[in-house]
Amino acid sequence: MAEESGKWVLMVTAQTPTNIAVIKYWGKRDETLILPVNDSISVTLDPDHLCTTTTVAVSPSFDHDRMWLNAKEISLSGGRFQNCLREIRNRACDFEDKEKGIKIEKKDWEKLHLHIASYNNFPTAAGLASSAAGFACLVFALAKLMNAKEDQSQLSAIARQGSGSACRSLFGGFVKWIMGKDEKGSDSLAVQLADEEHWNDLVIVIAVVSSRQKETSSTSGMRESVETSLLLQHRAKEVVPKRIVQMEEAIKNRDFSSFAQLTCADSNQFHAVCLDTSPPIFYMNDTSHRQFSTNMETCFRIISCVEKWNRSEGSPQVAYTFDAGPNAVLIARNKKVAAQLLQRLLFIFPPSSDTDLNSYVIGDKSILHDAG
Ligand code: ADP
Ligand code: DP6
Ligand code: CO
């Protein structure tokens with residue numbers, strides 16, 4: 001370390017978008033290492049809209065590791081944070097900035113403490129994959145700070161230990177999380193199937209039905225499903241492996257009909273698994289909230305609107321998918337369809353209507369519409 005230690009702070013800021021699964025991850029075979037029971041495929045959203053920004057700082061004057069999430073201090077004592085910090089520290093390399101007189105040797109990283117500040121520009125823990133953007137961003141920023149030489153896939157296996165879905169946010173475009181076979185998890189990592197430019201026509205619209213924190217976190221929800229749902233076992237063994245092959249093919253060929261059909265079916269099966277859990281989990285609403293029925297009705301009306309529209313056109317125009325929360329992610333086959341979709345959503349749910357539906361994000365770099 002530099003001689004006048006204590007006088008310097010070294011900082012890195014990173015920004016990472018969230019990702020939405022079109023073939024869902026739901027269920028772990030190893031809780032600590034976060035190893036899934038099936039492969040999953042997602043699309044990484046546009047960083048302009050839904051993303052996490054994380055600054056990691058290190059200084060000899062910091063006396064313990066601290067973290068702030070959305071401006072509130074949170075505890076880093078949980079296993080997930082500790083696992084990510086340990087894995088990156090193990091891979092830290094020498095760092096030198098001659099101008100500033102900072103020299104950190106590999107062994108020094110163990111003793112240096114971190115301050116981490118993270119901000120999500122979208123609802124946290126509301127089913128829009130904040131844990132995915134959050135842990136991917138944390139691992140990426142730490143790796144940069146500590147000069148770790150790992151590639152994106154190796155980093156994805158570390159981010160996975162923070163939150164499973166996070167491994168897929170290390171890449172843009174379409175991403176597959178390979179479940180892997182190794183008991184230690186060395187081969188459970190993300191790979192990019194197609195980059196951001198591959199299927200440029202698609203437009204993603206997010207309808208925020210409720211930005212409240214969900215009642216059952218993804219972690220405990222999927223634990224309960226693994227323990228009690230037979231449908232989950234069937235899904236993981238019989239259904240998902242076939243869907244993964246079909247989805248990869250649909251993405252490669254930009255085949256929207258197959259893509260939409262698989263995406264909607266997989267979202268519906270994931271929510272069926274939640275209902276098959278004992279006690280059942282309803283992610284399409286918020287039972288603790290007076291808007292219970294309104295939220296649920298909003299979700300079902302969105303599904304029914306898309307289903308009817310797709311049938312009347314003879315081929316799918318829009319795909320819908322809901323993660324562990326009531327917010328709809330709608331994928332339109334092109335810009336023209338996206339414009340029609342927004343019109344329909346605004347017609348069914350005018351801004352003044354008595355629903356929580358309050359904003360739509362068009363994930364195609366340009367338009368942000370907030371009707372709230
Ligand atoms: P979501 O659907 O938003 O991913 P989860 O229940 O999976 O909800 O995860 C929410 C948890 O993820 C939060 O309680 C927090 O522990 C963690 N998380 C969210 N955002 C961040 C962030 N920016 N950095 C680190 N951890 C985060
Ligand atoms: C429904 O990755 O949030 O969004 O690994 O316990 O942190 P943990 O769970 P998390 O689960 C995401 C579940 C999902 C589907 C998906 O993203 O694949
Ligand atoms: Co999550």
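This is a predicted model: local features need pLDDT of at least 70, side-chain atom pairs count only at pLDDT 80 or more; totals for chains, interfaces and linings use all residues.
**View 1. Surroundings of ligand 2.** Ligand 2 is surrounded by 16 residues, of which Ala21, Ser163, Gly164, Ser165 and Thr219 are the closest. Two or more residues of this shell come from each of helix H2 (130-145) and helix H4 (218-228). Seven nonpolar, seven polar and two charged residues make up the shell around ligand 2.

**View 2. An open sheet of four strands.** The strands follow the order E2-E5-E12-E13, and their pairing is antiparallel. Strand E2 (19-23) and strand E13 (189-194) form the edges, each pairing on one side only. On average, and with direction ignored, neighbouring strands of this sheet are turned by 35° against each other. Strand E12 (residues 174-178) and E13 run antiparallel and are joined by five bridges. Ile178 has Leu189 in E13 as its bridge partner.

**View 3. Positive phi at Ile34.** Most residues other than glycine have a negative phi. Ile34, although not a glycine, has a positive phi of about 55°. Its place is the loop between strand E3 (28-30) and strand E4 (35-36). Ile34 counts as buried because it has 25 C-beta neighbours inside 10 Å, the cut-off for this class being 20 or more.

**View 4. Positive phi at Ala125.** Ala125 is likewise a residue other than glycine with a positive phi, here near 60°. Ala125 is found in the loop between strand E11 (113-120) and H2. Is Ala125 buried or partly exposed? With 18 C-beta neighbours inside 10 Å, Ala125 counts as partly exposed.

**View 5. A cis peptide bond between Ser278 and Pro279.** Most peptide bonds are trans. The bond joining Ser278 and Pro279 is cis, with omega at about -5°. Pro279 lies in the loop that runs between helix H6 (256-275) and helix H7 (292-313).

Notes:
Residues are numbered from 1 along each chain as its sequence is written. Chains are lettered from A and ligands numbered from 1 in the order in which they are written. A residue is near a molecule or strand if its C-beta atom, placed from the backbone, lies within 6 Å of it. Ala, Val, Leu, Ile, Met, Phe, Trp, Tyr, Cys and Pro count as nonpolar, Asp, Glu, Lys and Arg as charged, and the others, Gly among them, as polar. A residue is buried if 20 or more other C-beta atoms lie within 10 Å of its own, exposed if 12 or fewer, and partly exposed in between; C-beta atoms are placed from the backbone. Two strands pair if DSSP finds at least two bridges between them. Axes are lines fitted to C-alpha atoms, for helices over the stretch in contact, and angles run from 0 to 180 degrees between N-to-C directions.
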